Amino acid sequence: MEYDLIIIGSGPAGYVAGIRAGQVGLKTVIIEKETVGGICLNWGCIPSKAILESAKKYASVAELSSFGVDGIDQAQISFNWQKARQRSNSIIRRLTKGVEFLLKKNGVETVKGTASITGVNAVTVDGLLYETRNILIATGSLPITIPYDISDKNIITIKELFQLNQLPEYPVIIGENAHAIELAQFFAMVGKSTTLIVPNKRILPDLDKYVANDLMKILKKSGIKIIINPKVVNGSDDHLVTGDEKYRFDVVINAMNRSAVLPDRDINLELDDGFINVNSRLQSNFTNIYAIGDVNGQCGFAHSASAQGLHAVNVISGIDEEYNFKRFPINIYTKPEIAQIGLTEAEARQADIDINISEFTLTANGKALIEGATEGYIRLISEKQYGEVLGVQIMSSDATDLIAEAGVLLQLESTVFDLSKTIHAHPTVSEIFMESGFAAFDQPIHK
Amino acid sequence: MRFVFRFPDIGEGITEGKIIEWYVKKGQQIGSGDPVVKMETDKVVTDIPSPRDGVVSAVYGSEGDVINVDDSLIEIEIEGVEGVEAQEIAQEKPVPASEKPVAEKGFGVVGTIEVAGDGAFLPAGTEGLDSVPETASLEKPVKILATPVARAMAKDLGIDIDQVKGSGPAGRVMKSDIKSFHTARPSVGHISEPVDDHQVNIIPLTQIRKTIARKMAVSKQTAAHMTIMEEVEVSELIKLRREQKDGFEDLGLKLTYLPFILKAVAVGLKSYPMLNSELDLERDRILQKKYYHIGIAVDTEDGLVVPVIRNVDRKSIADLATELGEISAKARERKLTMDDFKDGTFTITNYGSIGGTFGVPVINYPQAAILGVGRIMEKPVVNSGNIEIGNLMPLSMSVDHRIVDGGEATRFLLEVAGYIANPVSLLLKN
């Protein structure tokens, strides 16, 4: 029996592609070796943000008294990891059930097992051969090995963190991107003595430098020890040593950048730095074999993986489009949150674009004052000829949601004039968009 | 309350205009009807009057800016108007100039309906009317889907965005589409490479020039031009004019040959209605006009304009002379309004006044024909076997061969020539 499409992996790339393929009538099977939903639903985006939310709630208790909430004895407040983990698990269960239901509803078959590509039109799962017109590889990624001399037995990944019954007291997190930063802040918020080792010249290399610098200050202020780009790190069983400094630890968490998880295969897939090489239609060197999500190394975010899934199914259905690898929001769920889309200041300058940078700070925003969350700002980068919005960075408690407006601005090639003419409700944090629009060519109102 | 006065739709498909001069500034008291701004559109330079009394509280745009219809011009603070009345005023749509009831002369035009003769008409689409002429719906503009930057870029590069195929979702025109359209556009003999301004004078296009360029190209690309020429002996006409000239001068009127030619054409058009028609290929039909509005091509400092003399068939030579005088004065002072350009059914170009003889005129599309009038020259003519000195007026007429056949064109031109040669017959006939 021949399928139109076999999808290997059911993470945010694979399952979204699966649902879409079902919707457009492709006979589709999705193969998953572990749990439907992949890293994102089971060990990544969802649970990590769920425990972060618990930590944020915990940390905010101290602020409640200034809002008029009396009777809280700070000495009695403690963080219950078991409960936080339980809550996270129940969210995961609900979401994975939802995904399974949607796949079924759209007529997509799900097969448990490990797939191997045995031909351009053939996939074998535990000895059983499936023939197909198209193959979509969505096998995801794993963190790369820590580049320091630390014994493996002391190192865990976030997946294993959820198996711990007790949180470490002296966690060391190694990594440079959102995942590492968020984990470090999680531990700091629940009162753990936290160290972040950044194996790079700066945190968040893809984030606008200006915003990354501000975040560094916030992280340091919250008590996280940050070691930037250490040359050598040696580890004993309870101490890490770099230069003259010693850092106590009970667990080291690998939150490094990620490398592709490649399926077994008898075909010669072209790779680029370990990731599957794809063109702008997300095709590999075989035009009927697509690679989407982390496995193609273009972007490590779940939302981008899902968008690629939709795009690949469109291409298979004959809608010939080019995928824009550049335009996706970068979301960081710290406190305050950080979000970015489009060009950074440095990228715009490098491209030799004549730009305006307009800023508006949250201290002049009514809603931010009401919520007691005035740390942050918006930075809007627009070009001077037409006023087209090219990039936006936001630091605010709701930045990861607010950035959606910027996404629409970019998608519609909108200008600062359109933005400033759009009435934003009052009081909302979103008013900072309108103000930054005005600031780009005139004067903001509340500055 | 504050009333925002926007650049009104002044008709004739005008979508943008250039601010030439502001007559008001912020804080100034302004009365209803007072000029606000002098605008250059692609047809005219005209003053835009204020619709309200009040104090100007904001002025948008600087001299030289090109703005679109419906863009804000000024804000007027109207004192003592509040509540419901204020809301009513705020919701008031700017009245297109062409639809404003004009006391002096009014005629049925596109988008308006003549209901009771001159001076009384209603805007199209008004509720309670039995029918609206189909021409009213013919010109409904369709706004194509495009991003704001794509629109701005198209305007900058002089690209008609309607011609660009969009690659975005739902066919939205994106800036990349404008860029590729721009690079793919064949450069027909014009210089698209960087120019050396020591060798070349760079002259930005005026709105008038842009319109001329667009209209001429459309005409040549659409109509199947055919031109016929004729010489007509006009000694009788010269004599008649000479006799009447002084009498007209006493009335303050300058009598030229043009009123006679206008009249001759109008009478001729009644015999050959195809020359007073318009081809509507979209609906497979011909619109034969029962009115005789004849445009006169006028050469001005800024370029060609074609004001229209309306209902030529119903006017006397004296009426026509009066109107021609008014129109040429208005053209010189750039005071022609949109109404002066509307609804021409036939055009006369009088290059003879500059000294020209024959020509191959370009039809003022979508009209069906244009008549070129050359300079009267003394030439030998043969009369009953004798060679005499005659006065010959050269005529050149282009027709759209898609709807006017050669025989019909020739018969029409000969009839018109006959009236010009024998003006008394013309005056007796009409």
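Student: What share of the contacts in chain B with a separation of 6 or more comes from residues 24 or more positions apart?

Tutor: A contact means heavy atoms within 4.5 Å, and in chain B residues 24 or more positions apart account for 62% of the contacts with a separation of 6 or more. This is a predicted model, in which local features need pLDDT of at least 70, side-chain atom pairs count only at pLDDT 80 or more, and totals for chains, interfaces and linings use all residues. Residues are numbered from 1 along each chain as its sequence is written, chains are lettered from A and ligands numbered from 1 in the order in which they are written, and side-chain values use heavy atoms, with hydrogens and water left out.

Student: Is strand β18 of chain B mostly covered or exposed?

Tutor: Buried means under 20% relative accessible area, exposed over 50%, and partly exposed in between, with a 1.4 Å probe and protein chains only. Strand β18 (residues 369-373) of chain B is mostly covered, since five of its five residues are buried: A369(B), L371(B) and V373(B) lie on one side, and I370(B) and G372(B) on the other.

Student: Which strands pair with β18(B), and in which sense, parallel or antiparallel?

Tutor: Strands of a sheet pair through backbone hydrogen bonds, either parallel or antiparallel. Here two strands pair if DSSP finds at least two bridges between them, strands being DSSP runs of E with at least two residues and helices runs of H or I with at least four, numbered from the N terminus. Strand β17 (residues 346-349) of chain B pairs with β18(B) in the parallel sense over three bridges, and L371(B) is the bridge partner of I348(B). With strand β20 (residues 386-400) of chain B, β18(B) pairs in the antiparallel sense over five bridges, and I370(B) stands opposite S398(B).

Student: At what angle do helices α1 and α4 of chain A pack?

Tutor: Axes are lines fitted to C-alpha atoms, for helices over the stretch in contact, and angles run from 0 to 180 degrees between N-to-C directions. Helix α1 (residues 14-23) and helix α4 (residues 81-105) of chain A pack at about 30 degrees, with their axes 8 Å apart. Angles under 35 degrees count as roughly parallel, and α1(A) and α4(A) are therefore roughly parallel to each other. In their contact, Y15(A), G18(A) and I19(A) of α1(A) meet V99(A), L102(A) and L103(A) of α4(A).

Student: In what order do the five strands of the open sheet in chain A run?

Tutor: The order is β8-β15-β9-β10-β11, with parallel pairing, and the edge strands are β8 (155-156) and β11 (225-228) of chain A, each of which pairs on one side only.

Notes:
Angles under 35 degrees count as roughly parallel, over 145 as roughly antiparallel, 65 to 115 as roughly perpendicular and the rest as oblique.
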